Amino acid sequence: MVNVEDMQKYELYLQFLDKKLKCFFEEQAPYIHCKEGCSFCCEKGEYPFTEIEFAYLMLGVKTLDLETVKIIEKNIIQLKKQNEEYNSDKPFMYQCPFLVNHKCSLYNFRGIICRTHGLAFFSKEGKLLVPACVDLGLNYSNVYDFENQTISDEKYRQSGIKQEPLAHNVGMHYMTNNEFLDSIDLKFGKIKPMIDWIK
Ligand code: SF4
């Protein structure tokens, strides 16, 4: 159960996190081609959320107008139906129900993973991965080797861009276990896909 004190600590953490991510986005700007109206990152995913993140997201729902809430409720009903009908061993990937008219309806309350959308990142095995929108000719596509599915050193050199394309530690493990969190003693609670919190 998340209490008011936890929520205050989480808000403090978000301030720290947003500053850190702003630096990453500025550094990687030559490779970031996110555009107004693009919601690709929110259209297919699992969206892992910790308990405190989901509680904060729900706090955001209280700030929405009735019309938006109705759209979200409809999205959730459809999503649950799709999930019930889903029959595969692979994880269920879905459009986030809080995406309304291609915009995050809870932008200021969005989760940690949402704040990293668009950046290159490391897989659990330590491999550098780029966002899926590379296939749309967007992020990192200017230095991507599509055949070998990796950043191309050659394309980077030819691009004339000074800043290297880099991945940062933006995985959920690092984001919910780091030195700043130790200093404020913030516990995130369980982590599970967003849909499992909604159920
Ligand atoms: S909460 Fe917002 S940013 Fe996060 S996946 Fe949903 S629509 Fe996208």
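The following questions and answers concern a predicted model of a protein chain with a ligand.

Residues are numbered from 1 along each chain as its sequence is written. Because this is a predicted model, local features need pLDDT of at least 70 and side-chain atom pairs count only at pLDDT 80 or more, whereas totals for chains, interfaces and linings use all residues.

Visitor: How many helices and strands does the protein chain have?
Guide: Helices (H or I, at least four residues) and strands (E, at least two) are DSSP runs, numbered from the N terminus. On that basis, the secondary structure of the protein chain comes to 8 helices and 8 strands.

Visitor: Why is the protein chain described as being as compact as a globular protein of its length?
Guide: The radius of gyration is taken over C-alpha atoms, and the globule rule is 2.2 Å times the number of residues to the power 0.38. The rule gives 16 Å for 199 residues, and the protein chain is close to this, so it is as compact as a globular protein of that length, with a radius of gyration of 18 Å.

Visitor: Against which elements do the buried residues of α2 pack?
Guide: A residue is buried if 20 or more other C-beta atoms lie within 10 Å of its own, exposed if 12 or fewer, and partly exposed in between, with C-beta atoms placed from the backbone. In α2, the buried residues are I52, E53, F54, Y56 and L57. Contact requires C-beta atoms, placed from the backbone, within 7 Å. The buried residues of α2 pack against α1, β1 (48-50), α4 and α8.

Visitor: Is L136 buried or exposed?
Guide: L136 lies in the loop between β5 (128-129) and β6 (144-145). With 12 other C-beta atoms within 10 Å, L136 is exposed.

Visitor: How many nonpolar residues are in the shell around the ligand?
Guide: A residue is near a molecule if its C-beta atom, placed from the backbone, lies within 6 Å of it. The residues around the ligand include C42, Y47, R110 and G111. Ala, Val, Leu, Ile, Met, Phe, Trp, Tyr, Cys and Pro count as nonpolar, Asp, Glu, Lys and Arg as charged, and the others, Gly among them, as polar. The shell has 1 charged and 1 polar residue, and its nonpolar residues number 8.

Definitions and conventions. Contact = placed C-beta atoms within 7 Å.
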